[in-house]
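My notes follow the order in which I looked.

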Amino acid sequence: MTLSAAISGDITDKELNVIKYLFTTLPVFENSNNDHLSKKIIESLEVIKSEPNIENITDLINDSLENNSNLKKTAYIIAIEIIMADLDATEESHRLLELFENSFGLDSLETSSIKHTMKFKYQDL
């Protein structure tokens, strides 16, 4: 989550609010607490600062999700949610999603469907 927010620079208040909201509402995080979130954000920022190669970071994330394809899909969707917090997906953000798709081994039909759904979720009518 932190990488998605930090990819284009500093984490904005909107991105941080989305992270907190997702962390407190999604079932995947139900066994975690706010102290855990704060600690993980700090740890993630340290990794991001110390590792200049973004591909290595996405590989670390992939390894931490083990071989659970559902967790990988959930992580991908959460990444998009955070990227869309400011309603401005940067070129770096698009590149990060491509790296997640490759690192996680996600099906292109599924990722296209997810992106299509998110596009409509965040469009301005």
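Predicted model: local features only at pLDDT ≥ 70, side-chain atom pairs only at ≥ 80, totals over all residues.

Entry one. I began with α5 and α7 and noted that their crossing is right-handed (right-handed if the near helix is turned clockwise from the far one by less than a right angle, left-handed if anticlockwise). The contact, meaning heavy atoms within 4.5 Å, is made by residues of α5 including Tyr-76, Ile-77 and Ile-80, and by residues of α7 including Ile-114, Met-118 and Tyr-122. I sorted the contact residues of α5 with α7 into six nonpolar, one polar and five charged (Ala, Val, Leu, Ile, Met, Phe, Trp, Tyr, Cys and Pro count as nonpolar, Asp, Glu, Lys and Arg as charged, and the others, Gly among them, as polar).

Residues are numbered from 1 along each chain as its sequence is written, and side-chain values use heavy atoms, with hydrogens and water left out.

Entry two. The axes of α5 (residues 69-83) and α7 (residues 108-122) come within 11 Å and cross at roughly 30° (axes are lines fitted to C-alpha atoms, for helices over the stretch in contact, with angles from 0 to 180 degrees between N-to-C directions). α5 and α7 are therefore roughly parallel to each other (under 35 degrees is roughly parallel, over 145 roughly antiparallel, 65 to 115 roughly perpendicular and the rest oblique). The helices are DSSP runs (H or I, at least four residues), numbered from the N terminus.

I turned to α2 (residues 13-25) and α3 (residues 34-50), whose axes come within 11 Å and cross at roughly 135°. α2 and α3 are therefore oblique to each other, and their crossing is right-handed. Among the residues in this contact are Leu-16 and Phe-23 of α2 and Leu-37 and Ile-41 of α3.

Entry four. How far apart are the axes of α2 and α5? They lie 9 Å apart, and the two helices pack at an angle of about 145°. Glu-15, Val-18, Ile-19 and Leu-22 in α2 meet Ile-78, Glu-81 and Ile-82 in α5, and by class this contact has five nonpolar, no polar and two charged residues.

Last, I looked at the lining of the second largest pocket, to which α5, α6 (91-104) and α7 each supply at least two residues. The largest share, four residues, comes from α6.
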